Amino acid sequence: MTKPRAFTAVLATETNTFSPIRIDINAFRASLLARPGEHPETPTLCSAVMTVGRRFARENGWELIEGTAAWADPAGLVSRQTFEGLRDEILDQVAAGGPFDVVVIGLHGAMVADGYDDPEGDLLSRIRSIIGPDVPIIATFDPHSHLTAKRVAAADALIAFKEFPHIDFVDRAEDAWRIAGQAVAGEVKPVMSVYDPKMIDVFPTTSEPMRRFVDDMIRLEKETPDLLSLSVIHGFMAGDVPEMGTRLLAVTNNAPVLGQKMARDLGEALFELRGKVRSIELTPADAYARALEFDGGPVTIADMWDNPGGGTAGDATVLLAEAMARNLECIAFGSIWDPVAVQLCHAAGEGAQMMLRFGAKSAPETGDPIDAEVEIVRNIRNAEQAFGQSIVPIGDASLIRIGGIEVILNSTRAQCFDTSLFSNFGIDPAKRKILVVKSTNHFHQSFARISPLILYCAAGRPYPNDPRVTPYKKAPRDIWPINEIAPANGHETKTSAGSAGRRGG
Ligand SMILES: [Zn+2]
């Protein structure tokens with residue numbers, strides 16, 4: 001018997017179309033650009049399909065053909081040359097390496113490239129036209145993505161991370177390969193059903209009501225025969241594209257009636273939670289007041305909207321300036337992006353004292369650059385932090401001290417995922433009174449272990465976090481909260497035709 005042959009590749013970034021930071025091939029090189037066979041053993045957020053695929057192939061006696069894996073940290077528009085170059089590289093690998101029994105792709109799903117509102121839909125449909133209608137295409141997504149009709153038409157099963165923070169990215173890659181195995185064995189025929197609840201919001205799953213919502217989805221997946229996977233595409237409000245918004249997605253074993261019902265029931269339940277799922281957002285003054293009156297520590301304050309993981313620069317200084325004005329002590333910031341300041345700190349060397357200007361250079365409404373006499377405490381080349389089983393590079397970096405305030409400066413943009421961001425610089429995060437992190441919610445799991453109080457703070461306006469006032473040009477206007485009275489009902493669920501429909505059968 002010949003071994004089943006599978007192809008896997010990764011093309012992922014998240015595009016905040018309002019971000020000033022453009023993406024070219026160097027941004028992929030800085031985060032992950034692994035040619036066939038070069039992918040490290042540890043997965044990044046969107047490339048777990050490759051590392052899990054290796055294990056799946058070993059355990060099941062499959063032949064795995066690896067393509068390119070590319071991931072750039074979230075930012076603004078991807079240049080046309082970069083997207084087309086990486087896309088065509090993967091398409092050439094598909095054309096040259098086939099025939100395949102299944103194709104499993106790791107995507108983020110919120111990429112926007114110059115000239116392409118739906119690069120992932122473009123990639124998937126071009127793969128489809130190479131491999132023909134019958135070979136299953138399975139892909140994993142970040143829930144902060146856009147579920148376009150083109151993607152659903154091109155693929156057989158799409159699976160999004162359920163958790164935000166996305167601690168389950170390896171689990172979802174395992175789902176993808178399990179469904180791939182069942183489809184290749186002829187045990188299942190995946191079909192997708194989609195429901196559009198006509199809304200957009202931010203859905204942290206670490207607190208209610210979303211915690212219960214996700215637990216219910218996991219229970220339904222286990223209990224319901226012929227239900228292969230359930231996903232909530234949260235949507236990504238910083239992406240100004242025509243199909244921006246939340247979607248519910250059910251993958252069934254050729255049971256579209258069941259899939260439509262599951263997607264609709266979940267979508268209607270989610271719509272009922274509108275306006276009740278976001279974290280409580282404090283002003284900087286209120287966040288510091290609450291942190292200072294709290295007996296014990298450390299208190300973690302999330303600078304939640306200057307999140308490089310959402311495509312911002314990550315160089316806002318609003319919270320730091322407020323801390324300096326209040327002469328706060330025993331407070332550490334992780335981190336502020338400023339590659340030029342890092343260069344100056346590395347040139348000066350550890351132990352040096354000097355005047356330094358840093359931060360707030362990239363976008364309006366992020367505060368002003370800080371001018372301060374700083375002590376350079378620690379310089380690290382190619383610094384990094386952990387995130388679950390993955391390693392996240394932050395580039396050359398420096399720890400500086402201004403009185404009782406410690407600030408990590410980094411040169412590769414990255415949100416704060418993990419307390420190791422601090423401990424790698426010799427800071428014991430548990431011994432600080434206040435930790436300030438740039439992240440919307442991914443920091444939560446790691447910091448909750450050491451921090452008895454976590455506060456979310458909206459400082460400045462680095463990110464388009466209020467869809468009612470965001471100057472969209474392409475995104476739909478008939479969704480909540482842009483339209484406060486958007487109806488939950490009357491939106492038909494859709495089911496993909498699967499391979500039979502693609503053949504016209
Ligand atoms: Zn995400």
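I began with an open sheet of six strands, and I read its order as E2-E3-E1-E4-E5-E6 with mixed pairing. Helices (H or I, at least four residues) and strands (E, at least two) are DSSP runs numbered from the N terminus, and two strands pair if DSSP finds at least two bridges between them. The edge strands are E2 (32-34) and E6 (157-160), each pairing on one side only. On average, neighbouring strands of this sheet are turned by 15 degrees against each other, direction ignored.

This is a predicted model, in which local features need pLDDT of at least 70 and side-chain atom pairs count only at pLDDT 80 or more, while totals for chains, interfaces and linings use all residues. I number residues from 1 along each chain as its sequence is written, and side-chain values use heavy atoms, with hydrogens and water left out.

Within it, Ala6 stands opposite Val102 in E4.

I then looked at the helices. Helix H2 (residues 48-60) packs on the sheet and touches E1, E3 (63-71), E4 and E5 (137-141); its direction makes about 170 degrees with that of E3. Helix H3 (residues 80-97) lies across E1, E2 and E3, at about 180 degrees to E1. Axes are lines fitted to C-alpha atoms, for helices over the stretch in contact, and angles run from 0 to 180 degrees between N-to-C directions.

I looked up Ala180 in helix H6 (residues 169-184). It is buried, with a relative accessible area of 0%; buried means under 20%, exposed over 50%, partly exposed in between (1.4 Å probe, protein chains only). Not counting residues up to four places away in sequence, Ala180 touches Trp62, Val102, Val104 and Ile138, where contact means heavy atoms within 4.5 Å.

Thr300 sits in strand E11 (residues 299-303) and is also buried, at 0%. Its side chain makes a polar contact with the side chain of Ser451 at 2.8 Å (a pair of N or O atoms within 3.5 Å; within protein, one must be able to donate a hydrogen and the other to accept it, and residues adjacent in sequence count only if both atoms are side-chain atoms). Leaving aside neighbours within four places in sequence, the contacts of Thr300 include Leu435, Phe443 and Ile454.
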